[in-house]
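Subject: A structure for you to look at

Hello,

I am passing this structure on to you, with some notes on what turned up in it. Have a look first, then read on.

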Amino acid sequence: MGVGYTLDYLSGLLGGNGHTKSKKRRQMQTVELKVRMDCEGCELKVKNALSSMRGVKSVEINRKEQKVTVSGYVEANKVLKRAQSTGNKSEIWPYVPYNLVMNPYTAQVYDKKAPPGYVRKIDNTTATATMNYQDDHYIAMFSDDNPNSCSIM
């Protein structure tokens, strides 16, 4: 029964038993949204709605890319709901830079509507085709070590 036990006992007597309901402090984060904006009026409406949220530190809008970046002590789903409440079609930013994707031109990843340099963000299991036995067989026919050893000839 050391000092730690004594401190726990005294804090329990004073009401600090570890089960107090304290507010969980939100983390500073950046939320990126894709919001359909056609004019300056739409842009202003979205900016005013998002900047009036509690915890928002900055709102940056790029109308050409249809991208809104919100920084602050906010939750992504609340920011999305507030953006949708303006009447504009909104979703979490669905794109990543194309150099971060293994196969950026596969059917699931490539998106004509994506801004230049971006492709649609999907998980790697659906983007990459599974290599089966036939593919492995074709790869084994050719040798990188000896280019003259083609097994087809």
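In what order do the strands of the open sheet lie? The order is β2-β3-β1-β4, with antiparallel pairing among these 4 strands. At the edges are β2 (56–62) and β4 (90–92), each of which pairs on one side only. On average, neighbouring strands of the sheet are turned by 25 degrees against each other, direction ignored. Please keep in mind that this is a predicted model.

Here is the wider picture. The protein chain contains 5 helices and 6 strands, and along the sequence they follow the pattern α-β-α-β-β-α-β-β-β-α-α. Of its 153 residues, 25% count as buried. Among contacts with a separation of 6 or more, 53% are between residues 24 or more positions apart.

Back to the sheet: β1 (residues 29–35) and β3 (residues 67–72) run antiparallel and are joined by 6 bridges. One of the residues to look for is Thr30, whose bridge partner in β3 is Ser71. Helix α2 (residues 40–51) packs on the sheet and touches β1, β2 and β3, with its direction at about 165 degrees to that of β2. Helix α3 (residues 76–84) also packs on the sheet, where it touches β1, β3 and β4, and its direction makes about 30 degrees with that of β1.

Finally, the charged pairs. Side chains of opposite charge can pair when their charged atoms come close. There are 3 salt bridges in the structure:

- Lys67 pairs with Glu32, with the closest N and O atoms 3.4 Å apart. This pair links distant parts of the chain, as Lys67 is in strand β3 and Glu32 in strand β1, 35 residues apart. Lys67 counts as buried at 13% relative accessibility, whereas Glu32, at 32%, counts as partly exposed.
- Arg63 pairs with Glu43, the closest N and O atoms being 3.1 Å apart.
- Arg36 pairs with Asp38, at 3.7 Å between the closest N and O atoms. Arg36 is exposed, with a relative accessible area of 54%, and Asp38 is exposed too, at 55%.

Enjoy exploring it!

Best wishes

Terms used: Residues are numbered from 1 along each chain as its sequence is written. This is a predicted model: local features need pLDDT of at least 70, side-chain atom pairs count only at pLDDT 80 or more; totals for chains, interfaces and linings use all residues. Side-chain values use heavy atoms; hydrogens and water are left out. Two strands pair if DSSP finds at least two bridges between them. Helices (H or I, at least four residues) and strands (E, at least two) are DSSP runs, numbered from the N terminus. Axes are lines fitted to C-alpha atoms, for helices over the stretch in contact, and angles run from 0 to 180 degrees between N-to-C directions. Contact means heavy atoms within 4.5 Å. Buried means under 20% relative accessible area, exposed over 50%, partly exposed in between (1.4 Å probe, protein chains only). A salt bridge is a side-chain nitrogen of Lys or Arg within 4 Å of a carboxyl oxygen of Asp or Glu.
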